[in-house]
Amino acid sequence: MKYVDEFRDPRLIRRASDEVRRLADPARHYRLMEVCGGHTHAIYRFGLKDLLPDNIELIHGPGCPVCVLPMGRIDDGLAIAARADVIFAAFGDMMRVPGTTGSPLEHKARGMDVRIVYSPLDALKLAQANPGKHVLFFAIGFETTAPSTALTLLRAKALGVSNFSVFCNHVTIVPAIRAILDSPDMRLDGFIGPGHVSTVIGCRPYEWIAQNERKPIVVSGFEPLDILQSVVMLLEQLHAGEARVENQYKRVVPWEGNRAALRAMAEVFELRPYFEWRGMGFISQSALRVRDSFAQWDAEQRFDVPGVRVTDPKAAQCGEVLKGVLKPAQCKLFGRECTPEHPIGALMVSSEGSCAAYYNYEHRKSLAMAGLDAHD
Amino acid sequence: MCLAIPGQIVEVVPGAVAGAVVEVVGVRRRIDLGLLLDDMPVAGDWVLIHVGFAMSKISENDAREQMELLRMLGECEAAVEEVAGYGLGDEDDGRGQAS
């Protein structure tokens, strides 16, 4: 049991937790999905499950960009980078994600020129500093990072940097929510909406969830109190038989989003007809590609991309875990073949992946209680 | 990559490209303001930063809470490392190109 006193404002936490218990109908079982990987991490870190009654189940959604990227895309990016004149640049999160022939870090150990960058602008600078090379930026992320890639491409065009391109893997969150709602084995009562994605897209794109699907959604901050308040707001709606979009994270998320960011994205990107998500299959209009007017900076138009498709290892049940059908520990490989130190599925790689979060906070705790050490 | 890093604008840098020097727990680096063109911050303002870009303006109190959250999530060092890594190859910080 989590001790309420550990929190920054225990009184408010206790009040929110009591409010949840007051609102939750003991005759009902509530299934609420937190869409964003940042929320998943916070929920495990703060042991929020212990502050909720047993009939409120938090289901972890697909909002971890590293986790939903199919292995074939990593192979494709590394295939381009295998050319002698290419520098492969990516965020640190990508470096340990396994491709068929190893992760970018393992490729680096074998001689590939692989660099960690913290901003896409730095990948562009790398290109300017290395005129004899081509810099490939492996772009991933939801709408939180897509505007930064868009501005970087606008900058590349303005500066006329010709030895730079983006391998675009940006995905959009709303079609993934739609796919989950369309999935026959998934019954949800409501959503804790993503916080930082919503600073860009605002709250309007979620309105169909309330209007057409009759499910409440509350855009939430990341603090323990934010998440508990969002659960209270969802229960209040469910209690009243309502389904609305609400914004718990008003201090950061404007209802209309960030127009400058949306403009940059619209200028540089267009929707792909469909894109493959790891464990979820092809989802229509769920990802971004670089517009033809920026073809020179689009790695997919500039290079031969093998278009690799890799099926995940059969025993790994990443898809079921991603959709919330299975809990991480219910996967056959969890904690045995697949650990944060030796990840098989991407959900075990990122700290925002539900398997890594579960392993680091729940699994290690139960091993310690049993007097056993985790493998590290 | 997904959790935002709070920082205070030390100086808005004039020029064709909207940029600023920002401070995050003592580390000063150049960030881009291109995503806040509709609501430009000034020196002293607090912003949330994603991958080298200021994404939204926030209050000082929210900035402090966000940093505390990163600390509690064990992401604080990664956040400072990220900010310290911005501006790879910048002439003005004399770091040269990283590898």
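This is a predicted model: local features need pLDDT of at least 70, side-chain atom pairs count only at pLDDT 80 or more; totals for chains, interfaces and linings use all residues.
How many helices and strands does chain A have? Chain A has 15 helices and 13 strands, where helices (H or I, at least four residues) and strands (E, at least two) are DSSP runs numbered from the N terminus. Residues are numbered from 1 along each chain as its sequence is written, and chains are lettered from A and ligands numbered from 1 in the order in which they are written.

Let me begin with the overall dimensions of chain A. Its C-alpha trace spans about 65 × 50 × 40 Å along the principal axes. For 376 residues, a compact globule would have a radius of gyration near 21 Å, and the value for chain A, 21 Å, agrees with that. The radius is taken over C-alpha atoms, and the globule rule is 2.2 Å times the number of residues to the power 0.38.

Of the 376 residues in chain A, 54% are buried. A residue is buried if 20 or more other C-beta atoms lie within 10 Å of its own, exposed if 12 or fewer, and partly exposed in between, with C-beta atoms placed from the backbone. As for contacts, two residues are in contact if their C-beta atoms, again placed from the backbone, lie within 7 Å. Among the contacts in chain A between residues at least 6 apart in sequence, 74% join residues at least 24 apart.

Turning to chain B, we find 2 helices and 5 strands, and along the sequence they follow the pattern β-β-β-β-β-α-α. Buried residues make up 45% of the 99 residues in chain B. Of the contacts in chain B with a separation of 6 or more, 40% are between residues 24 or more positions apart.

How do the two chains meet? On the side of chain A, 35 residues are in contact with 31 residues of chain B. The elements of chain A that give two or more residues to this side are α2, α6 (120-129), α7 (146-159), α9 (196-201) and α12 (259-268). Which element supplies the largest share? That element is α6(A), with 6 residues. By class, the side of chain A that touches chain B holds 14 nonpolar, 11 polar and 10 charged residues. In this classification, Ala, Val, Leu, Ile, Met, Phe, Trp, Tyr, Cys and Pro count as nonpolar, Asp, Glu, Lys and Arg as charged, and the others, Gly among them, as polar.

I now come to helix packing. Two packed helices are described by the angle between their axes and the distance between the axes. Axes are lines fitted to C-alpha atoms, for helices over the stretch in contact, and angles run from 0 to 180 degrees between N-to-C directions.

The helices α6(A) and α7(A) pack at an angle of about 30°, with their axes 8 Å apart. They are therefore roughly parallel to each other; angles under 35 degrees count as roughly parallel, over 145 as roughly antiparallel, 65 to 115 as roughly perpendicular and the rest as oblique. Their crossing is right-handed, a crossing being left-handed if the near helix is turned anticlockwise from the far one by less than a right angle, and right-handed if clockwise. In this contact, Pro120(A), Leu121(A) and Leu124(A) of α6(A) meet Ser148(A), Thr149(A), Thr152(A), Arg155(A) and Ala156(A) of α7(A). These residues divide into 4 nonpolar, 3 polar and 1 charged.

A second pair consists of α2 (residues 37-45) and α15 (residues 354-369) of chain A, whose axes come within 9 Å and cross at roughly 15°. The helices α2(A) and α15(A) are therefore also roughly parallel to each other, and their crossing is right-handed. From α2(A), the contact is made by Thr40(A), His41(A), Tyr44(A) and Arg45(A); from α15(A), by Ser354(A), Ala357(A), Tyr358(A), Tyr361(A) and Glu362(A). By class, they are 4 nonpolar, 3 polar and 2 charged.

Finally, some loop residues. Arg214(A), in the loop between α10 (207-211) and β8 (217-219) of chain A, has a phi near 55°, a positive value in a residue other than glycine. Is Arg214(A) buried or exposed? Arg214(A) is exposed, with 10 other C-beta atoms within 10 Å. Gln285(A), in the loop between β12 (281-284) and β13 (288-290) of chain A, has a positive phi near 50° and counts as partly exposed, with 15 C-beta neighbours inside 10 Å.
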